[in-house]
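This briefing sets out the secondary structure, the packing and the chain contacts of the model shown below.

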Amino acid sequence: MSQRTFEAVMSAHHGEIYRYLRRVIGGSGDADDLSQETFLRAYRAYGSLPIDANVRAWLFSIATNLAKNHFRSEIRRSRAYGEVRASMRETVDPAPLAEVVSRETGALVDGIVRRLPLKQRLAFTQRKIHGLDYEAIGRSLGCSAESARAHVFQALRKIRQGLDGHGLLPKEPQR
Amino acid sequence: MSNKPAVCVQIEDDLLATAMGEAVPSAARRVERHLATCGSCRREFQEYHTVDSVVTTLREEPLPSGSLAQAREHLEARLADLRSRLLVYRIFPSPLGHILIARSELGISLVEYLERGTSLRASRLRHEPGVELVEDRGELEAVYQDLLEYLDGRRKRLEWPLDLRLARSDFHRTVLQATAALPYGAVIPYAGIAQEVGKASASRAVAQALRWNPLPIVIPCHRVIGTSGALTGYAGRKVGLKQRLLSLEGVPTTKRAGVLGITPQAMYILYPGEREYCLPTCPSFDTHPPAPLTRFASREHAEAAGLSPCTTCRPDLHPISH
């Protein structure tokens, strides 16, 4: 494998993959570890990647699989200690009002995204933050492009509900 | 349960898609018509716009200072470690049986005759600590073709970059480096290599180093033989392969009393340190002390190694008749 070529792949995509993992995982340490793992796996398999492959989508797919595995083992760990992570619940729990008031809307959205079910969070982040198409998102999540789109839309609905619940959305002007 | 009118529920997905700029034109027109008559959907549409603009700010959110550079640094370190341990391998059929070839980032690191099967399970790589293996998808094809050309006599040199890290010790590496310099069509006793590496009495240790040669054929340990001219061992008990490789180079071999050996009287001789090759009957040897001799299968091979004919015995005028 050409070392120089892989260097170019790293230079082009490491920042983006790291940001993606930080957003979906949360902790910077875990995101650091998983972004390393993403590129180590990519390095091992790079020689067998077809020449016309979409390297960016492929890297997102590796990172997404690692993120899913990470959460699976997190859940196992939590269960072992008899805990249920609030972040994995299906419903969006608004943060306490006092906390909300002191935070920016962006941070609130961030919080809502972190509490989304995993597939919605991954699909939303890939689509709305990194601009991947639904085909690529579907491949990384192991579902169809339509399902990937449904996950993104569901996430947007929940974000809207979450912001609305705190009165942070503009009201329609009176005519 | 939602108390939205049915028409609003039906258009919900299109409304969201339109707000996000992803709707097809016909859906966007349908939404536009609906919004003109429905206040609550208009509000919802604006809210999605707001959500979209908030999400845009997230996209541009800066990372904590230095975190990306630090993550990149960690990645570079782990990748450097992986590169140093990663071997790309493939198992090929050959006239000498199945052969595994492996390469690292530095060069070819293993050429292995597989005795007990045609899979990685039969390879010594399974027992190499710290090595990570990836099956080749084409990188080794050119190397394999070179090897096939060598084995059918169309090629005399395998000019591959080599990685000797699979050698078992520094001494083994030194022995392998000395052996790598042996010319095509020549043989030398173990004692000759021992002398070459500055340990004249270490013939047995040299034989052990060559027994574990990770790069047979390309590091031509088949050109190293016993002082008596017997082929002795090769990669364990594969002395038949040694004979085949030597025959390919034109080295004459015979079996005497059940032992395979070279035919010394049919080969030209080089005394250590000399630059002239001789006939085996050269009178100048009478005055030289005994020493491990290099023998050449032909004058062409000796001259290809940069040697000239002896001016005393004149092998150029009286070549050995085969």
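Chain A contains eight helices and zero strands, where helices (H or I, at least four residues) and strands (E, at least two) are DSSP runs numbered from the N terminus. The model is predicted: local features need pLDDT of at least 70 and side-chain atom pairs count only at pLDDT 80 or more, whereas totals for chains, interfaces and linings use all residues. Residues are numbered from 1 along each chain as its sequence is written, while chains are lettered from A and ligands numbered from 1 in the order in which they are written.

**Chain A: overall fold**

- From the N terminus on, the order of elements in chain A is α-α-α-α-α-α-α-α.
- Of the 175 residues in chain A, 37% are buried; a residue is buried if 20 or more other C-beta atoms lie within 10 Å of its own, exposed if 12 or fewer, and partly exposed in between, with C-beta atoms placed from the backbone.
- Taking the contacts in chain A between residues at least 6 apart in sequence, 64% join residues at least 24 apart; two residues are in contact if their C-beta atoms, placed from the backbone, lie within 7 Å.

**Chain A: packing of H6 and H8**

- Helix H6 (residues 118-129) of chain A packs on helix H8 (residues 145-165) of chain A at an angle of about 95°, and their axes are 8 Å apart. Axes are lines fitted to C-alpha atoms, for helices over the stretch in contact, and angles run from 0 to 180 degrees between N-to-C directions.
- This angle makes H6(A) roughly perpendicular to H8(A), the class for 65 to 115 degrees; angles under 35 count as roughly parallel, over 145 as roughly antiparallel and the rest as oblique.
- The residues that H6(A) brings to this contact include Phe124(A) and Arg127(A), and those from H8(A) include His151(A) and Val152(A).
- The residues of the contact of H6(A) with H8(A) comprise five nonpolar, three polar and four charged. Ala, Val, Leu, Ile, Met, Phe, Trp, Tyr, Cys and Pro count as nonpolar, Asp, Glu, Lys and Arg as charged, and the others, Gly among them, as polar.

**Contact between chains A and B**

- In chain A, 31 residues are in contact with 31 residues of chain B.

**Chain B: domains and sheets**

- The domain assignment, from an automatic or database source, divides chain B into domain 1 (6-59), domain 2 (80-151) and domain 3 (170-309).
- The C-alpha centres of domain 1 and domain 2 of chain B are 58 Å apart.
- Four strands of chain B form an open sheet in the order S3-S2-S1-S4, with mixed pairing; two strands pair if DSSP finds at least two bridges between them.
- Strand S1 (residues 86-92) of chain B pairs with S4(B) in the parallel sense over four bridges, and Leu86(B) stands opposite Glu132(B).
- Another open sheet of chain B has six strands in the order S6-S5-S11-S9-S10-S12, and the pairing is mixed.
- Strand S6 (224-225) and strand S12 (308-309) of chain B are at the edges, each with a single partner strand, so one side of each lacks a neighbour in the sheet.
- Strand S5 (residues 186-189) of chain B runs parallel to S6(B), joined by two bridges, with Pro189(B) opposite Ile225(B).
- S5(B) also pairs with strand S11 (residues 294-296) of chain B, in the antiparallel sense over two bridges; the bridge partner of Val187(B) in S11(B) is Arg295(B).
- Ala186(B) and Ile188(B) point one way from S5(B), Val187(B) and Pro189(B) point the other way, and all are buried.
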